[in-house]
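Trainee: I have a new model open and would like to go through it. Can we take it step by step?
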Amino acid sequence: MEGSQSHEEHPYIPRDLKLPGFVPGVLSQSTIVGFYAVSSLLVVSTIFVLSGRSPKRSKTERWLMCWWAFTGLTHMILEGYFVFSPEFYKDKTACYLAEVWKEYSKGDSRYAARDAGVVAVEGLTAVLEGPASLLAVYALATGKSYSYILQFAISLGQLYGTAAYFITSWLEGDNFAASPFYYYAYYIGANASWVVIPTLISIRCWKKICAAFQVQGQKKTKVR
């Protein structure tokens, strides 16, 4: 009886989703979102200010450094916690990271249910793309030759992961949100940045890489 009662108390869809030992979230939505927004703003502001110390660095490169720092830390901390905390929904300590996923699961209950596809995508994102994103910050800061190739590869990985995330949901019926608000605010809105920004970065890097090869080709022609 106690197990079935805990199933009924969770706020997720489908209602018959079994989450034995579920503990309702303690922090409010505004607290969770507000803390994430302030933390992100702090990271972006710090990187933007520090990156401005070099006059050689363009504003575009500085904003790119901000993006890679933000997305890298998000992948490693938030998504990393999800991947390695399979029973976050049982947390009783009001741990912020657990509260984030209890809240986000209202927009996609596959997280609370530990859907294999979601865990696989998030695992690769946290373990590979997270550190790679921070490496991109370093590459931009130091003007490494591999900067564009690295950014292009990570962006393609993010686009692939996001596509797999949306497509698997669609194939499974796309009915994992507690309400239309959570569907559009969390499932769509919270993931939109990882569609738009990686697309723009991929296009920019593609052009830069092609231009570099074109210049190299012209130099070889002149030598001949």
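Trainee: How far apart do the end C-alpha atoms of residues 60–202 lie, and what share of the span is helix?

Mentor: Those end C-alpha atoms lie 14 Å apart, and the span is 76% helix and 0% strand. UniProt positions are given in the numbering used here, feature names are shortened, and annotations may be inferred rather than shown by experiment. Keep in mind that this is a predicted model, where local features need pLDDT of at least 70, side-chain atom pairs count only at pLDDT 80 or more, and totals for chains, interfaces and linings use all residues. Residues are numbered from 1 along each chain as its sequence is written, and side-chain values use heavy atoms, with hydrogens and water left out.

Trainee: How many helices and strands are there in the protein?

Mentor: The protein has seven helices and zero strands. Helices (H or I, at least four residues) and strands (E, at least two) are DSSP runs, numbered from the N terminus.

Trainee: Which residues does UniProt list for "transmembrane region"?

Mentor: The unreviewed entry lists residues 32–51, 63–84, 116–141, 148–171 and 183–203. In the model, residues 32–51 are 100% helix, with end C-alpha atoms 29 Å apart. Residues 183–203 are also 100% helix, and their end C-alpha atoms lie 29 Å apart.

Trainee: Next, helix 5 and helix 6. At what angle do their axes cross?

Mentor: Helix 5 (residues 116–142) and helix 6 (residues 147–171) cross at roughly 160°, and their axes come within 10 Å. Axes are lines fitted to C-alpha atoms, for helices over the stretch in contact, and angles run from 0 to 180 degrees between N-to-C directions. The two helices are therefore roughly antiparallel to each other. For the labels, angles under 35 degrees count as roughly parallel, over 145 as roughly antiparallel, 65 to 115 as roughly perpendicular and the rest as oblique.

Trainee: Which residues make that contact?

Mentor: From helix 5 they include Val118, Glu129 and Leu140, and from helix 6 they include Ile154, Gly157 and Tyr165. Contact means heavy atoms within 4.5 Å. The residues of this contact divide into eleven nonpolar, six polar and one charged. Here Ala, Val, Leu, Ile, Met, Phe, Trp, Tyr, Cys and Pro count as nonpolar, Asp, Glu, Lys and Arg as charged, and the others, Gly among them, as polar.

Trainee: Is glycine 157 buried, partly exposed or exposed?

Mentor: Glycine 157 counts as partly exposed because its relative accessibility is 21%. Buried means under 20% relative accessible area, exposed over 50%, and partly exposed in between (1.4 Å probe, protein chains only).

Trainee: What about helix 4? How many of its residues are buried?

Mentor: Eight of its nine residues are buried. Among them are Glu99, Trp101 and Lys102.

Trainee: At what angle does helix 3 pack with helix 4?

Mentor: Helix 3 (residues 59–84) and helix 4 (residues 96–104) pack at about 75°, with their axes 10 Å apart. That makes helix 3 roughly perpendicular to helix 4. The contact includes Ile77 and Phe82 of helix 3 and Leu97 and Trp101 of helix 4. By class, this contact has eight nonpolar, no polar and one charged residues.
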